[in-house]
Amino acid sequence: MLTLGQAAEIERRFGRDELAGFAALSGAPGAPPGHVPEPLVASLFSYLLGVRLPGPGTNYLKQELRFLAPSPLDEPLTARVEIVRLRPDKHLVDLATTCRDGAGRLICEGRALVLARDVAGAFARPAGA
């Protein structure tokens, strides 16, 4: 069951091979030398929402991200999602999103809105239902 304050994290490093793969798949020219492209950082949130919290069956409705600093290449990045609001009547979950580098510096922050209708046991059933 989903609860306020529930969170999930992932730590990931992106190196030159990942940048080359990203450029090949997206056609993007790449990030500034030594930095991870912002879409790769954002993909960490997609992973967390779809695999860990709320998990499989989640529908991604909206994402806002503010990038505050460049993401260093070959350094650990820790992405985190945390439930800040539950709307069981509409099966909606609002989450705060953050990503920090290995030194703890905030790389980006934002919010996500997801539909968790198909996530088994996500919301408590009302009494008598």
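**Figure 1. L4 in the segment before strand 1.** In this predicted model, L4 is found in the segment that precedes strand 1. The residue is exposed, with a relative accessible area of 57%. Although L4 and R85 are 81 residues apart in sequence, their C-alpha atoms are 6.4 Å apart in space. When neighbours within four places in sequence are left aside, L4 is in contact with I83, V84, R85 and L86.

**Figure 2. Overview of the chain.** The secondary structure of the chain consists of two helices and seven strands. Read from the N terminus, these elements follow the order β-α-β-α-β-β-β-β-β. The chain has 129 residues, and buried residues make up 36% of them. Of the contacts between residues at least 6 apart in sequence, 67% join residues at least 24 apart. The chain exposes about 7,200 Å², and carbon and sulfur atoms supply 52% of this area.

**Figure 3. Pairing of strand 5 with strand 1 and strand 6.** Strand 1 and strand 5 run antiparallel and are joined by six bridges. Within this pairing, A8 stands opposite V81 of strand 5. Strand 5 also runs antiparallel to strand 6, and ten bridges join these two strands. Here the bridge partner of E82 is A96, in strand 6.

**Figure 4. The hairpin turn at H91.** Strand 5 and strand 6 form a hairpin with four residues between them. H91 is located in the loop between these strands. Most residues other than glycine have a negative phi. H91 counts as partly exposed, at 26% relative accessibility.

**Figure 5. The largest nonpolar core.** The largest nonpolar core holds 29 residues, of which L2, V36, L53, L77, V81, V93 and L95 touch the most other members. Two or more residues are given to this core by each of strand 1 (7-12), helix 1 (16-26), helix 2 (38-52), strand 5 (77-87), strand 6 (92-101) and strand 7 (106-115). Helix 2 provides the largest share, six residues. In soluble globular proteins, nonpolar side chains tend to be buried together.

Figure 6. T97 lies in strand 6. Is T97 buried or exposed? T97 counts as buried, because its relative accessibility is 1%. A polar atom of the T97 side chain lies 3.4 Å from the backbone nitrogen of R111. Beyond residues up to four places away in sequence, T97 touches F45, Q63, E64, L65, R80, V81, C108, E109, G110, R111 and A112.

**Figure 7. The cysteines C99 and C108.** The count of disulfides comes to zero. C99 is in no disulfide, and its nearest cysteine sulfur, that of C108, is 5.0 Å away. C99 counts as buried, at 0% relative accessibility. C108 is likewise buried, with a relative accessible area of 0%.

**Figure 8. S71 in strand 4.** S71 belongs to strand 4, which covers residues 71-72. With a relative accessibility of 3%, S71 counts as buried. Apart from residues up to four places away in sequence, S71 touches G34, H35, V36, V41, L77 and I107. V36 and L77 are also among the residues that touch the most other members of the largest nonpolar core.

Figure 9. A cis peptide bond, with omega of about 0 degrees, joins L53 and P54. P54 is found in the loop between helix 2 and strand 3 (59-67). Most peptide bonds are trans. D74 lies in another part of the chain, the loop between strand 4 and strand 5. Phi of D74 is near 65 degrees, a positive value in a residue other than glycine. D74 counts as partly exposed, at 44% relative accessibility.

Methods. Residues are numbered from 1 along each chain as its sequence is written. This is a predicted model: local features need pLDDT of at least 70, side-chain atom pairs count only at pLDDT 80 or more; totals for chains, interfaces and linings use all residues. Side-chain values use heavy atoms; hydrogens and water are left out. A nonpolar core is a set of buried Ala, Val, Leu, Ile, Met, Phe, Trp, Tyr and Cys residues joined through side-chain atoms within 4.5 Å. Buried means under 20% relative accessible area, exposed over 50%, partly exposed in between (1.4 Å probe, protein chains only). Two strands pair if DSSP finds at least two bridges between them. Contact means heavy atoms within 4.5 Å. A disulfide is a pair of cysteine sulfur atoms within 2.5 Å. A polar contact is a pair of N or O atoms within 3.5 Å; within protein, one must be able to donate a hydrogen and the other to accept it, and residues adjacent in sequence count only if both atoms are side-chain atoms. Accessible areas come from the Shrake-Rupley method with a 1.4 Å probe; for residues, only the protein chains shown count as cover.
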